[in-house]
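Subject: Structure handover

Hello,

Please find the structure below. Some notes on what was found in it follow.

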Amino acid sequence: MTPVVTVFFFASIQSEIFMPKRKPKTIWIDADACPKPVKEIIYKTSVRLNISVVLVANDYQNIPTSDLIRLTVVSNGFDAADKHIIDNVEPHDIVITADIPLAAEVLKKKAVALDPRGQIYHENTIASILSVRDFLKEMRDAGTLTGGPAAFGPKDIKQFADSLNRLTS
């Protein structure tokens, strides 16, 4: 298991040095699995900095009333929300997602991918992160590894807020 920890540590260090060169036009949220506290931070950031927010989801979600924030409901098809985001994201936009394959596609479009726990994905490390993800999936499928990530908590919320602030300031 040591190599897995090493890869994630390396990815985390590398992501800290990446900063966008321009203010994002839009923050996209892969909204179905995005924690509510993360969405609330994004809404506040949107209003404070006048940045548009688009939530993409398979079902209706409550959103604040604002000209800057909108919800796009897509079909329940496999990866329909991911496809919509990939088709519409522009360079320098920020995409909030825990979906590593989506993050990889976002980086190819020269946009920024940010995990709800605050990890900023970087094009130099995303391949390693994808490999680790696939390896862990194989171990779970074989029954060798059980469980998943730790519960989402206050530490994650703070890390996300700090990373979003770095990306938007």
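In which loop is Gly-77 found? Gly-77 sits in the loop between β3 (69-73) and α3 (80-88).

Before the rest, two remarks on the source. This is a predicted model, in which local features need pLDDT of at least 70 and side-chain atom pairs count only at pLDDT 80 or more, while totals for chains, interfaces and linings use all residues. Residues are numbered from 1 along each chain as its sequence is written, and side-chain values use heavy atoms, with hydrogens and water left out.

Overall: the chain has six helices and five strands, in the order α-β-α-β-β-α-β-α-β-α-α. Helices (H or I, at least four residues) and strands (E, at least two) are DSSP runs, numbered from the N terminus. Of the 169 residues, 42% are buried (under 20% relative accessible area; exposed is over 50%, partly exposed in between; 1.4 Å probe, protein chains only). Taking contacts (heavy atoms within 4.5 Å) between residues at least 6 apart in sequence, 57% join residues at least 24 apart.

Back to Gly-77: its relative accessibility is 33%, so Gly-77 counts as partly exposed.

His-122 counts as buried because its relative accessible area is 11%. The His-122 side chain reaches the backbone nitrogen of Asn-124 at 2.9 Å.

Regards

Definitions and conventions: Polar contact = N/O pair within 3.5 Å; in protein donor to acceptor, adjacent residues only side chain to side chain.
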